[in-house]
Amino acid sequence: MAILALKWDFAKHQYKPYTIPDEWHCPLVSDDMDEPINCASCGKEMTFGEGYTSRSIHTPSGFGYFVCEDCMEKEWQDRQAEREEE
């Protein structure tokens with residue numbers, strides 16, 4: 001079953017439903033920093049220790065999923081763009 005999550009829309013200041021595909025492994029916690037996981041945004045394979053806590057993809061209770069460096073950079077750019085528009 002796909003993981004139902006929420007994705008923050010920086011421009012609209014609200015969450016939108018977001019689905020993480022079944023075939024992606026996206027744990028919230030791990031005691032093994034070498035555990036293979038997928039980026040919750042693009043699906044790229046990485047290790048748990050290489051991931052960054054997403055600023056936009058969260059559980060319904062607000063915990064961030066892990067994303068790769070490229071997707072984290074995109075989130076920062078989206079956030080900066082939103083701040084510049086304010």
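Two strands count as paired if DSSP finds at least two bridges between them, and the strands themselves (E, at least two residues), like the helices (H or I, at least four residues), are DSSP runs numbered from the N terminus. This is a predicted model, in which local features need pLDDT of at least 70, side-chain atom pairs count only at pLDDT 80 or more, and totals for chains, interfaces and linings use all residues. Residues are numbered from 1 along each chain as its sequence is written, and side-chain values use heavy atoms, with hydrogens and water left out.

Four strands make up an open sheet in the order β2-β1-β5-β6, with antiparallel pairing. At its edges lie β2 (14-20) and β6 (64-67), each of which pairs on one side only. Ignoring direction, neighbouring strands of this sheet are turned by 60° against each other on average, where axes are lines fitted to C-alpha atoms, for helices over the stretch in contact, and angles run from 0 to 180 degrees between N-to-C directions.

| Strand pair | Bridges | A bridge pair |
|---|---|---|
| β5 (residues 52-58) and β6 | three bridges | Thr53 and Phe66 |
| β1 (residues 3-9) and β5 | two bridges | Leu6 and His58 |

The strands β5 and β6 form a hairpin with five residues between them, and in its turn Gly62 has a positive phi of about 100°.

Helix α1 (residues 69-85) packs on the sheet and touches β5 and β6, contact meaning heavy atoms within 4.5 Å. The direction of α1 makes about 55° with that of β5.
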